[in-house]
Amino acid sequence: LLQNSYGIIEKMTLNQASLSREFALIKVQEDLEDLIVNYTDVYLDWVFSYGALKNLKEQEKKALDQVALVEKQLKRGSLEPLDLAQANQNLSSKRILLIQADDLFSRHSKRISSLMNGRVSAEEVNLVPVIDSLTALEVKEADALAYIYDSNTYALLELQEQILTLDSLKS
């Protein structure tokens, strides 16, 4: 009887097994949450690269208009050739940025497509985000705090403390 202390050691083993199961369930939930966060990051990168691409297309159009306007003013004699060179340089820089943004958006689109289809494709992907306005993605502070308090991290810490307590009682 004294060696087993009325079954306390066996109960502690059962309690530890139960806590280990809860710990495993929380770990699976955390892994799922990490997957969702990863998908969300990929989606947001895709949406933001689309927004940047749209903005750079507008900037290129404005730079083209500026070059046309400077050419007209140069013909009238109100501007110097240096102004035209600067306008062309601005247009060139906008086009370089547009090419980079288009490449980035293309890479993000391929990544989104591979996540949606489950396979990587070498084909050109023509996907466009549904959300044009990013204001729908705002999170209120109260909602964020509620999420943090309800998250699995606190439950995981409590389980670890209980397991450590049981381990120390066994010793």
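Asp-31 is partly exposed, with a relative accessible area of 42% (partly exposed lies between buried, under 20%, and exposed, over 50%; 1.4 Å probe, protein chains only). Asp-31 forms a salt bridge with Lys-27, with the closest N and O atoms 3.9 Å apart (a side-chain nitrogen of Lys or Arg within 4 Å of a carboxyl oxygen of Asp or Glu). The model is predicted: local features need pLDDT of at least 70 and side-chain atom pairs pLDDT 80 or more, while totals for chains, interfaces and linings use all residues. Residues are numbered from 1 along each chain as its sequence is written, and side-chain values use heavy atoms, without hydrogens and water.

**Salt bridges**
- The whole structure holds four salt bridges.
- Asp-31 and Lys-27 sit four residues apart in helix α1, about one turn (helices are DSSP runs of H or I, at least four residues, numbered from the N terminus).
- Lys-27 is partly exposed at 40% relative accessibility.
- Glu-60 bridges to Arg-95, with the closest N and O atoms 3.1 Å apart.
- This pair links distant parts of the chain: Glu-60 in helix α1 and Arg-95 in helix α2, 35 residues apart.
- Glu-60 counts as buried at 18%, whereas Arg-95 is partly exposed at 37%.

**Aromatic pairs**
- There are three aromatic pairs (ring centres within 6.5 Å, using the six-membered ring of Trp; planes under 30 degrees apart are stacked, over 60 edge-to-face, the rest tilted).
- Tyr-50 and Phe-105 form a tilted pair, 5.5 Å centre to centre with 45° between the planes.
- Tyr-50 lies in helix α1 and Phe-105 in helix α2, 55 residues apart.
- Both Tyr-50 and Phe-105 are buried.

Conventions: Helices (H or I, at least four residues) and strands (E, at least two) are DSSP runs, numbered from the N terminus.
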